[in-house]
Amino acid sequence: MRYSSTIVFSLSLLHSSYAFVGRNHFYSTIPSRKHVSLGRARRISSSSSSSSLFVLQNTNDASQFDSLLDQVKLREAVTFLRQHPDTPLTKDRWIKIFTAIEERTRNAEENTENLRADFPLESAARNEMTAMYQTLRDQNHLQLYGAVSTMTEGSHSIPPPVMEEILGLPMQALTPQATNTIWIAGVLTATVEAFVSLASGIDFNALVLLTLLGAAMDRILLNGALFETYLKLFSPGVQQKILKHEANHLFAAYLLGCPVEGIVLSAWAALQDRRFGSRQVTAGTSFFDPELSKAINSGGQRLTRALIDRYSIIVMAGIAAEADQFGRADGGAGDEMALVAFLSRLNGNQRGTTTWDAAAIKNQARCGALQATLMMREYKPAYDALVDALEAGGKLGDCIYAIEKAARDYNLKPMQGPVGYLLEESDGQVKWDPEWKPELKKEEPILVQQQAAPAQSLEESLEVLREYRVSAEKRLQEIEQQLEELKD
């Protein structure tokens, strides 16, 4: 089964790239065709619940805040929320916040049909979105947003056997596999055309040509939505894979503190979203990394390994979810292609000595997949809640609400430290140790030498005592005189 999926990364290097999930092994650049995605998402009515997720005091009239959100005035809404931190966030208002984020970024000035690869990435819409996420986190509404910086520490080298030991998965599970859905659909279509030709006398070649023409028009006018719906009939199980694949892209970005703009799970949904429709994709997650965007815009001179790692984790999260949840990844070849394109373009534009050749890129992909899988397992209740929200047709607000509600229901907290260390031994081998802890440097006690009093002779000591005696006798005389005066 081969299907199309994408992450729209808000980076200048990847503005024009999109991911095709199909029969590609690690880092193959062979393009694949689209396949089944999910049907049209059904929106959850936010008016069905007015219960508050957080206990807040309603000390101000929040109608102005609601009005700003309804008008998609995100910047003004951020200002209002900062000035009124006690604004109660009911589920209805929660959904409104993220609906405004989706609308603001969907209709932003940079989302044009002729989007250029070098189009500036930082925009007013994305800055406002980032400010809203940050404000909600500062006010403790987003408990898991930015909750993870890393799941492992130590060596960046991850040999396949070590990866298999940590995850309990064979490396083959993390390599997108081929499926026969398109072949089956093609054979069935050709059989039907042959019967129609025999029954009607219409030339078989003409029917084939009409089919190909219809597919081309569907691709151009409807983003391949009709063909996607047709192929879905031959592999209904792929719906769950796409859903969990895209859910983990969103989940990884959220845990790593990258604002999520939106998510689509079908060609029909992508067709109506300017962030995805212009890229002709059928499933995708759009997020923004402000720090990475600034580093890229600086020519890569401010690009750190931490930023590269964060990007790699989000890219590989979809493959990680499929492998962990289903035992193999059918989709994700396009994600690998996106990572290859990103890392390859860093050569010569980055400080340091890292050369992103095939071996380095494969190792970086393993790093990303490892971290993404461990994150998903560490916060599984929140991930499962996110999947349920998407499966019910929820939009971005429903997804974030589900994550944060699960965080409170299951007492999920930000990571305080890595779950394990990759230790490079003296012979160059790398081993995994979840128990190892770095040794804390012990501070040496500071010895303060007390200054000794200068030595005195016997005569000097006696003289000092005589002075104390005279002083004491004088004081006693004064006390006796005062007592006599009191008697008189």
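Two strands count as paired if DSSP finds at least two bridges between them, and helices (H or I, at least four residues) and strands (E, at least two) are DSSP runs numbered from the N terminus. This is a predicted model, in which local features need pLDDT of at least 70, side-chain atom pairs count only at pLDDT 80 or more, and totals for chains, interfaces and linings use all residues. Residues are numbered from 1 along each chain as its sequence is written, and side-chain values use heavy atoms, with hydrogens and water left out.

Student: How many residues lie between β7 and β8 in their hairpin?
Tutor: Strand β8 (residues 430-433) runs antiparallel to β7, joined by 4 bridges, and tyrosine 421 stands opposite aspartate 433 in β8. In the turn of the hairpin, glycine 428 has a positive phi of about 90 degrees. The number of residues between β7 and β8 is 5.

Student: Why is α17 described as largely enclosed by the rest of the structure?
Tutor: Helix α17 spans residues 396-409, and its buried residues (under 20% relative accessible area, with exposed over 50% and partly exposed in between, for a 1.4 Å probe and protein chains only) include Leu396, Cys399 and Tyr401. Helix α17 is largely enclosed because its buried residues number 11 of the 14.

Conventions. Expected span 1.5 Å × (residues − 1).
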